[in-house]
Amino acid sequence: MAIAVSAEQLAKERLTRVEAAINLEEPDRVPIWGFGGEIVAKYAGITEHDMNYDSEKALMAIEKFARDFPFDTLGAGPGGLDGRVFCVAFAEHDDLSPLVTFITGPLHDIYGDKYTRFPGREISENATAQFRGGTFMEPDEYDQLIEDPVGFVAETILPRVCKNLETPRDAMATWVRVGMQLQKSAMQGAKLGEISAKLGYPMLPMGWAYAPLDIIGDFLRGVDKVVLDIHRYPDKVKKATEALKKPIIDYALAYARMGNKYAFIPLHLNEYLSPKLYKEFYWPTLKEVILALYEEGVKSIVFFEGHHEQHLETILDLPRGWGIAYFEKTDVVKAKEVLKDHTCVMGGVPISLIASGTPEKIDEFVKDLLEKVKPGGGFILTAGVGAVPAETPPENITALIEAVEKYGKY
Amino acid sequence: MTEKIFNSIVGMEEENALKFAKEYLNDGGDPQKLLDVCREAMDEVGEKFEKGEYFLSELLLSGEIFKGIMDLTLPLLKESEVETIGKIVLGTVQDDIHDIGKNIFKAFAEAAGFEVIDIGVDVPEEKFVEAVKEHNPDIVGMSCLITAGINPMKRTVEALKEAGLTGAKIIIGGGRVDEEIKEFSGADAWADDAARGVRLCKELLGLGVEG
Ligand code: B12
């Protein structure tokens, strides 16, 4: 049992296990990638507000969850919502662009941004933080975005999005406050690192990247509007994704320069687009981002949200062993057939099963799934969505971990 | 002309569809007939989606085209002339703000002849109860895209029961629902695509589903 080995030893075992899968080999057993979600706060008896605003309490909750649910990687993390548009604005500053990836609760208060709502602020203490997005750019502004993406985002978009960046004199104060807050977050990050090491979790230094079209959908035009834009102004949309490619690669590589070996890339518009549109407007620039990272020795973990069956084959355009394809609703059995010996596949367990199934059902499901996807290695098991609801029975998570121990050995 | 309109909707030609619809109405075309044509076209789009020929991008665009034509057409129809086959109260569940899928489902449900009362996003159970009391719908539709919405959905089903509002069938939809969640929440049906959702709504009301 795990108790006998030191934390260091455990971390090493786990890292070897995960890396073997990523390298398309058979590890000692199928790794189980950690997840968290609303359950982390609930399990420790703190509110979502605490999770987002009280660093000490949040760390306590993360530690408790990480201790009681021994995945192979650390799943729980501090609160925060995507703020990639800030990374674009800071893309010319390597030392800063990675730091503004997330809009945390305190940063939300400082920016006064309209993208998000936080528990204990605009929404109740126990609601999960909400990214609402919105429309902050009009179609006739595509030319400006194409011409100078960093300048347009920094000087035109951010002042529209953030109440406290509206005027230069407010912006001065806001950025100083942001800097001070980032210092505090860095301290929280360091403590999290200690907890992680203490509990025998492996170091998987993780940076982030984004698909250029998703920047436009999530932060500039709105997800539904960008889909309509593709039909209405195809050339402009395409040129805009090309223009955004450089700032995105710049900030993704800034992470690499900080020593990060992995980059997580969550995809949003993949499910929306027909294969034709995907290949024309989405995949080319995303592919270049992944390749730019790969060339610097960074492996991407691409989260193909929703259904990705219709685009599976495009993954084969990437070099063998480029990273991890993490699927949400795509059938991983089918995905593994297509990507066998080319790409490590991750996912497999529907969140609904964890949230509302029983330990017996979970055991049975994992047994059946692993029979199909285990052979040959290159598979990591995890929940289709890395966030389980607050009311999830904790014994379901334990059942999942135990089932992987039981049926995952090679 | 109606064939041109039909074809441009199904062919995703937004500008043409609106232009032809305008021309048709300006030339004294029958708005009721136009509505019927749009409905048939949306049916066809839904079918293509279910067959895997179309994707969400097409559903979204056709919904937009449909809305555009309806904005021209509905003012020309007296309320009594717009035949409806049932009433749906529709909202995204508490804690969830995703609404694109809900809006697409709404467009397709309306195209199929349902009257849809949209009560927005992040809708708490009390608000569903109120809306059902007020509108007395045949169907309550809940959209749920995040796992945090699963329990609120269950609570809403219970709240409706507790309030004695058992007349309406309950259908849930959205990316995070499946058979498991349907059972868990106590809903009557589930769908994670709009075309199937509309079909199920008709079935729930015992309306024959022809072609
Ligand atoms: C677009 C998107 C957004 C947009 C939403 C824009 C909007 N106005 O809706 C933005 C960027 C704002 C956003 C925000 C957030 N999102 Co989001 N988002 C997505 C994404 C990529 C697509 C969702 C979508 O629009 N799908 C397309 C629509 C058309 O599909 P659909 O809703 O299923 O609808 C179809 C059918 O289901 C059906 N239907 C829909 N409703 C109904 C209702 C009835 C009654 C019926 C019969 C049928 C029906 O008809 C539709 C057409 O066929 C998904 C991932 C994915 N691919 O699912 C994540 C996803 C839903 N988001 C997620 C998250 C976590 C968030 C955020 C919390 C922020 C974050 N951490 O990034 C916030 C949400 C805040 C909150 N509390 O709600 C997670 C949810 C995870 C979880 N915990 O369950 C997902 C699953 C991504 C992921 N895999 O991690 N998101």
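Modeller: A polar contact is a pair of N or O atoms within 3.5 Å; within protein, one must be able to donate a hydrogen and the other to accept it, and residues adjacent in sequence count only if both atoms are side-chain atoms. This is a predicted model, so to speak of local features we need pLDDT of at least 70, side-chain atom pairs count only at pLDDT 80 or more, and totals for chains, interfaces and linings use all residues. Residues are numbered from 1 along each chain as its sequence is written, chains are lettered from A and ligands numbered from 1 in the order written, and side-chain values use heavy atoms, with hydrogens and water left out.

Biologist: Why do you call the ligand site shared between chains?

Modeller: Take "near" as having a heavy atom within 4 Å. 44 residues surround the ligand, and the closest include Y272(A) and D99(B). The site is shared because the surrounding residues come from chains A and B.

Biologist: Which element gives the largest share of that shell?

Modeller: Helices (H or I, at least four residues) and strands (E, at least two) are DSSP runs, numbered from the N terminus. Elements supplying at least two shell residues include β4 (130-131) of chain A, plus α4 (56-73) and α9 (194-204) of chain B. The largest share, five residues, comes from α5(B).

Biologist: Is β4(B) enclosed or open, and why?

Modeller: Buried means under 20% relative accessible area, exposed over 50%, partly exposed in between (1.4 Å probe, protein chains only). Four of the five residues of β4(B) are buried, so the rest of the structure leaves this strand largely enclosed.

Biologist: What is the bridge partner of M142(B) in β4(B)?

Modeller: Two strands pair if DSSP finds at least two bridges between them. β3(B) and β4(B) run parallel and are joined by five bridges. On its other pairing, with β5 (189-191) of chain B over three bridges, the β4(B) residue in question stands opposite W190(B). The partner of M142(B) is I172(B).

Biologist: Which residue caps the N-terminal end of α9(B)?

Modeller: The buried residues of α9(B) include A194(B), A195(B) and G197(B). Just after the helix, G206(B) takes a positive phi of about 70°. At the N-terminal end, a side-chain oxygen lies 3.0 Å from the backbone nitrogen of A195(B), and it belongs to D193(B).

Biologist: Over in chain A, which residue of β10(A) stands opposite V349(A)?

Modeller: V349(A) falls in β9 (344-349) of chain A, where six of the six residues are buried. β9(A) pairs in the parallel sense with β8 (323-327) of chain A over three bridges, and five bridges join β9(A) to β10 (379-383) of chain A, also parallel. Opposite V349(A) stands A383(A).
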